[in-house]
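Here are my notes for you, as someone new to this one. Have a look at the chain first, then read on.

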Amino acid sequence: MREIMCGIAGIYHYEKESINDAVMEKMLECMSHRGPDGSGMYKDSEIMLGHKRLAIIGLTTGAQPMPNADRSIWVCANGEIFNYIELREDLGKKGYTFSTTCDIEVIAPLYQEYGLDFLSHLNGQFAFALWDSKAHRLVLARDRFGIAPLFYTRKGKTFVFASTVKALLPV
């Protein structure tokens, strides 16, 4: 059975090192079957996030990795947040604004509002990576049942993760 869903990948260095774009491109290439509708990358001195997209919600505005309003938090995700409409409404009442119709856009503001307790507010089937550049914090999470895959390993001073095991091999 062929997987039809988005794919995420990431490379995090425990010590700031140069991150090779070609390695992330190879990781994403290993997941091309998971996201035929686009791909994206975010990179800073500590981390690189990658995403292969299957557009289901937010068809034209859901490119990932997706930043928060001040671009200090980046999210890439696989799956769906079932209760995103209710979360958007609640976060909107607290002053957060949204620029897309994508369900994933609620993750960063939830994290800003509730800290690590934000996970308890999510209902869905998902795996995602959240990078908080101000706190230098990487958060990886899966839904409670582990429906969306997320594999990870440490190679020396590098932590890598992806939606498929095969995508970990180029590192």
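1. First, some ground rules. This is a predicted model, so to speak: local features need pLDDT of at least 70 and side-chain atom pairs count only at pLDDT 80 or more, while totals for chains, interfaces and linings use all residues. Residues are numbered from 1 along each chain as its sequence is written, and side-chain values use heavy atoms, with hydrogens and water left out.

2. Let's begin with charges. The structure holds 4 salt bridges; the term stands for a side-chain nitrogen of Lys or Arg within 4 Å of a carboxyl oxygen of Asp or Glu. One of them joins the side chains of aspartate 21 and lysine 43, at 2.8 Å from N to O. Aspartate 21 belongs to helix H1 (residues 21-29) and lysine 43 to strand S2 (residues 38-43), so this pair ties together parts 22 residues apart in sequence. The helices (H or I, at least four residues) and strands (E, at least two) here are DSSP runs, numbered from the N terminus.

3. How exposed are those two partners? Aspartate 21 is partly exposed, at a relative accessible area of 33%, and lysine 43 is partly exposed too, at 41%. For these labels, buried means under 20% relative accessible area, exposed means over 50%, and partly exposed is in between (1.4 Å probe, protein chains only).

4. Next, look at arginine 88, which forms a salt bridge with glutamate 105; their closest N and O atoms are 3.7 Å apart. Arginine 88 lies in helix H2 (residues 84-93) and glutamate 105 in the loop between H2 and helix H3 (107-114), so the pair ties together parts 17 residues apart in sequence. Glutamate 105 is buried, with a relative accessible area of 9%.

5. Another salt bridge brings together the side chains of glutamate 113 and lysine 94, at 3.8 Å from N to O. It links distant parts of the chain, with glutamate 113 in helix H3 and lysine 94 in the loop between H2 and H3, 19 residues apart. Glutamate 113 is partly exposed at 32% relative accessible area, and lysine 94 is partly exposed at 43%.

6. Back to H1: which of its residues are buried? Val23, Met24, Met27 and Leu28 are. They span an arc of only 135 degrees around the axis, which puts them on the same side of H1; the arc is that of the directions from the helix axis to the C-beta atoms. What covers these buried residues includes strand S1 (7-13), S2, strand S3 (47-53) and strand S9 (158-162).

7. Now the rings. The structure holds 8 aromatic pairs. Rings of Phe, Tyr and Trp (its six-membered ring) pair if their centres lie within 6.5 Å, and planes under 30 degrees apart count as stacked, over 60 as edge-to-face and the rest as tilted. In tyrosine 12 and tyrosine 14 the ring centres are 5.5 Å apart and the planes at 85 degrees, so this pair is edge-to-face. Tyrosine 12 is buried at 14% relative accessible area, whereas tyrosine 14 is partly exposed at 40%.

8. Phenylalanine 159 and phenylalanine 161 make a tilted pair, 6.4 Å centre to centre with 40 degrees between the planes. Phenylalanine 159 counts as buried at 15% relative accessibility, and phenylalanine 161 counts as buried at 0%.

9. What about the nonpolar core (buried Ala, Val, Leu, Ile, Met, Phe, Trp, Tyr and Cys residues joined through side-chain atoms within 4.5 Å)? The largest one has 22 residues, and those with the most contacts inside it are Ile81, Ile107, Phe118, Leu122, Phe128 and Leu130. Strand S5 (73-81), H2, H3, strand S6 (124-132) and strand S7 (137-142) each supply at least two residues of this core. In soluble globular proteins, nonpolar side chains tend to be buried together.

10. Phenylalanine 118 deserves a look of its own. Leaving out residues up to four places away in sequence, phenylalanine 118 touches Ile107, Leu110, Tyr111, Phe128, Leu130 and Val139, where contact means heavy atoms within 4.5 Å. Phe118 also forms one aromatic cluster with Tyr111, Phe126 and Phe128.

11. Last, threonine 158, found in strand S9. Threonine 158 counts as buried at 10% relative accessibility. Not counting residues up to four places away in sequence, threonine 158 touches Ile11, Tyr12, His13, Tyr14, Thr153 and Val171.
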